[in-house]
Amino acid sequence: MAEIWSHFAAAFRRENYARMGGRATRAEYWSCMLFAFLFSLLPLGMLLAGGVLCLLLPAAGMVLLLAGAATMLFYVFYTALPMLAVYVRRLHDVGWSGRWIGLQYAIVAVMMVLEIGLLLQFQLEQELLITDLAEMDPVQLVGLAQDFSASLPAWWRILCSITDPLLTLLGLLLFVLTLLPSKKG
């Protein structure tokens, strides 16, 4: 267990924090993933507990939700770069470029920007304000989400039908690469 922890701790040392060059062994990579997952359970638990508590005690639930969101935000910003660096080094170790991860993130980023644009366009067409959304009950929000889904243009549906399987295959490929033994040389 000490060796697993040492791999994780090494990823967060100053010399490795953002080092994209070099190699990471399977043990190093999966140790980092294990501890990253375990540490993410705290903010996720806070978010879940806050959501449940909102049903019983709305004020206390919101406080816990906000604390969980702040904790999760801090956690993501603190761990994103070293986890990406160990991921890139792992791909280098099996003889692949870390740019494959960049391709995956670029596709996701473009899709998110397009989705947000479509959502804002829908909101403008419906003349909805943020205050209107905050005052809606869950049934109205579900109806609004269904209206938004129905209003999406055909080009968006075609784009999603192409990119979703590509992202899935690319993610699966990258996952399989992390399982391969180190490439000699």
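Student: Where in the chain is E127 placed?

Tutor: E127 sits in the loop between helix 4 and helix 5 (130–135). Helices here are DSSP runs of H or I with at least four residues, strands are runs of E with at least two, and both are numbered from the N terminus. The model is a predicted one, in which local features need pLDDT of at least 70, side-chain atom pairs count only at pLDDT 80 or more, and totals for chains, interfaces and linings use all residues. Residues are numbered from 1 along each chain as its sequence is written, and side-chain values use heavy atoms, with hydrogens and water left out.

Student: What is the phi of E127, and is the residue buried or exposed?

Tutor: Most residues other than glycine have a negative phi, and most peptide bonds are trans. E127 is not a glycine, yet its phi is positive, at about 55 degrees. For accessibility, buried means under 20% relative accessible area, exposed means over 50%, and partly exposed lies in between (1.4 Å probe, protein chains only). E127 has 67% relative accessibility and therefore counts as exposed.

Student: How many helices and strands does the chain contain?

Tutor: The chain has seven helices and zero strands, in the order α-α-α-α-α-α-α from the N terminus. Its radius of gyration is 21 Å, well over the 16 Å of the globule rule for 185 residues, so the chain is more spread out than a compact globule. The radius is taken over C-alpha atoms, and the rule is 2.2 Å times the number of residues to the power 0.38. Along its principal axes, the C-alpha trace spans about 60 × 45 × 25 Å. Of the 185 residues, 28% count as buried.

Student: How is the span of a helix to be read, for example in helix 6 (residues 138–151)?

Tutor: The expected span is 1.5 Å times one less than the number of residues. Helix 6 has 14 residues and should span 20 Å, which agrees with the 20 Å between its end C-alpha atoms. At the start of helix 6, a side-chain oxygen of D137 comes to within 3.1 Å of the backbone nitrogen of V139. Helix 7 (residues 154–179), with 26 residues, reaches 38 Å from first to last C-alpha, close to the expected 38 Å.

Student: Which residues of helix 7 are buried, and what do they pack against?

Tutor: The buried residues of helix 7 are W156, C160, T163, L167, L170, L174, L177 and T178. They pack against helix 2, helix 3 (58–93) and helix 4 (99–125). Contact means heavy atoms within 4.5 Å. T163, which has a relative accessible area of 11%, is in contact with I107 and M111 when its neighbours within four places in sequence are left aside. L91, in helix 3, is buried with a relative accessible area of 0%. Not counting residues up to four places away in sequence, L91 touches W96, S97, G98, I101, L174 and L177.

Student: Which side chain makes a polar contact with the side chain of D93?

Tutor: A polar contact is a pair of N or O atoms within 3.5 Å; within protein, one must be able to donate a hydrogen and the other to accept it, and residues adjacent in sequence count only if both atoms are side-chain atoms. The partner of D93 is the side chain of R23, at 3.5 Å. D93 lies in helix 3 and counts as buried at 4% relative accessibility.

Student: How many aromatic pairs are there?

Tutor: A pair of aromatic rings is described by the distance of the centres and the angle of the planes. Rings of Phe, Tyr and Trp (its six-membered ring) pair if their centres lie within 6.5 Å; planes under 30 degrees apart count as stacked, over 60 as edge-to-face and the rest as tilted. By this rule there are 17 aromatic pairs. One of them joins F8 and F12, a tilted pair with 4.9 Å between centres and 50 degrees between planes; both residues are buried. The rings of F8 and F39 are also tilted, with centres 5.6 Å apart and planes at 45 degrees. F8 belongs to helix 1 (residues 2–11) and F39 to helix 2 (residues 26–56), so this pair ties together parts that are 31 residues apart in sequence. F39 is partly exposed, at 39%. Ring pairs link W5, F8, F12, Y17, F35, F39, F74 and Y78 into a cluster.
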